[in-house]
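Hi,

Here is the structure I promised to pass on, with a few notes on what turned up in it. Have a look at it first, then read on below.

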Amino acid sequence: MGNPSCFSSDKASNSNTSSALNAEASTPAQKRALSYASTIKQLFDEIQSSKMPADRILANYFREHKKHGSKDRKVIRESLFSLFRWWGWFQRIGDQQASATYFASLSASALLEAHAWQDTATAWHELSQSPIDYQLAQALAVDSLDGKLTLMQHLFPAAKLKPQDLLPDWFWQVCPIDAALQTQLIEAMSSRPPIWGRAQGITSQDAATQLQAIGIDASYGHYFNDAINLGSKSMNLNEIALYKDGNIEIQDLASQVIGQICAPEPDAHWWDACSGAGGKTLQLRSLMLTKAADTQTPSTGSIISSDIRSNALEELTKRAQRAHFNGISVARWKSVALPVPADHFDGVLVDAPCSCTGTWRRNPDMRWLDSVEAVADKAALQLDILSRSSHAVKAGGVLVYATCSLSPLENQDVVTAFLQQHPEFTLTPIRHPFTGEQTEMLTVWPFEANSDGMFVVRMLRNK
């Protein structure tokens with residue numbers, strides 16, 4: 001696998017991080033495992049101390065350390081995210097600054113997720129000097145949350161663990177869910193969702209066929225006509241012709257729900273008020289063009305996209321050009337004043353800044369880096385953005401509010417407060433695309449369609 005730690009040698013004493021591990025490697029497998037462990041610990045500690053997202057820290061690290069081979073990168077990346085995914089249990093088994101506990105956590109994470117590098121995992125177990133029979137642990141089934149808990153109890157018999165530990169205590173306070181559904185939520189949050197995409201200017205069947213031809217485990221027919229499941233393996237999008245030509249965009253299935261709820265007509269004029277880099281702008285335009293093609297009518301509609309970040313809008317423009325989409329323009333927020341005309345749009349989408357608790361499956365580090373304030377301090381800003389943006393909706397127009405949060409504080413409570421202040425708007429019923437349930441305030445839970453979590457409502461401005 002090459003040298004997994006190009007900033008140190010295999011000897012534990014050659015770096016501060018390795019020295020802190022205080023371990024003596026006696027076999028080639030143990031030396032390699034120790035070097036991996038040193039790298040992973042350095043990254044883990046940096047993420048915890050800086051509070052920066054793990055994917056950003058990891059990308060910077062790999063950019064600076066180009067000697068890692070693909071297998072090394074996979075071991076480091078997957079092991080790092082596994083530590084965060086199961087951190088709710090690992091932090092309860094002992095002091096993670098103790099070398100033995102840390103090695104035991106690494107080996108346990110490899111078993112919990114059935115990683116392929118079991119030789120390295122076995123070496124981590126040996127370095128932990130645990131008396132537990134590791135071969136017996138390897139034989140235990142881990143295809144359910146109960147099975148994973150049984151494994152942990154086998155490896156750490158003195159620890160008192162429960163499934164609810166896998167999410168921070170404060171989460172249950174601000175993101176309540178029926179007790180009967182808690183286990184499903186925990187199981188979903190403890191696994192990675194697949195990579196979801198959308199077809200643009202091509203059928204999802206054709207897109208899936210072309211992706212399968214280059215070895216990507218793609219499938220179609222998932223709830224929406226343009227949705228594609230690209231499997232769970234990492235891929236370099238810039239090497240995929242369909243992506244470079246703008247025929248597919250990466251967008252989680254739960255996120256795709258928002259555009260489907262907007263349901264823009266081909267001749268409608270929409271404003272994406274918090275567009276970011278434009279994923280939902282592109283979805284709205286794609287839906288317009290698809291409907292126009294289906295009805296054999298021209299698409300005279302348009303979308304204006306706004307954000308406070310000029311670099312995000314620049315990226316949006318590049319993505320629109322790659323997709324060969326016209327009818328998209330940008331208008332940056334430069335003050336509290338609307339960057340677009342008032343009483344003008346057939347539809348306005350407010351995908352508001354939020355705590356992003358619904359995306360914790362993809363970003364397991366964030367559940368431990370954030371605190372309850374990440375949820376509790378957002379509502380005032382969200383209500384302000386929604387209220388200001390609502391002035392752009394014309395009479396009879398649609399206002400859609402969405403977040404990737406699972407908390408009522410950012411979702412139902414914000415909408416309720418908005419409607420009390422703006423009686424000219426009323427909620428319209430929407431159908432849950434995954435369960436068929438009719439509701440006025442839709443929460444998409446991660447376990448319902450193997451996706452992220454999302455909240456969305458659709459409101460109508462009275463004529």
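Trp 271 stands opposite Val 348 in E8. That pair belongs to the parallel pairing of strand E5 (residues 269–272) with E8, which runs over 3 bridges. Do keep in mind that this is a predicted model.

How many of the 7 residues of E8 are buried? The count is 6, so strand E8 (residues 345–351) is largely enclosed by the rest of the structure.

The other thing I looked at is a pair of helices. The axes of H19 (residues 379–390) and H20 (residues 412–421) come within 10 Å of each other, crossing at roughly 45°. An angle between 35 and 65 degrees counts as oblique, and H19 and H20 are therefore oblique to each other. The crossing of H19 past H20 is right-handed.

On the H19 side, the contact is made by Ala 379, Gln 382, Leu 383, Leu 386, Ser 387 and Ser 390, while H20 brings in Val 414, Ala 417, Phe 418 and Gln 421. Sorted by class, this contact of H19 with H20 holds 6 nonpolar and 4 polar residues, with no charged ones.

Best wishes

Notes. Residues numbered from 1 in each chain as written. Predicted model: local features only at pLDDT ≥ 70, side-chain atom pairs only at ≥ 80, totals over all residues. Heavy atoms only, no water. Axes fitted to C-alpha atoms, helices over the stretch in contact; angles between N-to-C directions. Helix = DSSP H or I, 4+ residues; strand = E, 2+ residues; numbered from the N terminus. Parallel < 35°, antiparallel > 145°, perpendicular 65-115°, else oblique. Left-handed = near helix turned anticlockwise from the far one by under 90°. Contact = heavy atoms within 4.5 Å. Nonpolar A, V, L, I, M, F, W, Y, C, P; charged D, E, K, R; others polar. Buried < 20%, exposed > 50% of the residue type's maximum accessible area, 1.4 Å probe, protein only. Pairing = 2+ DSSP bridges.
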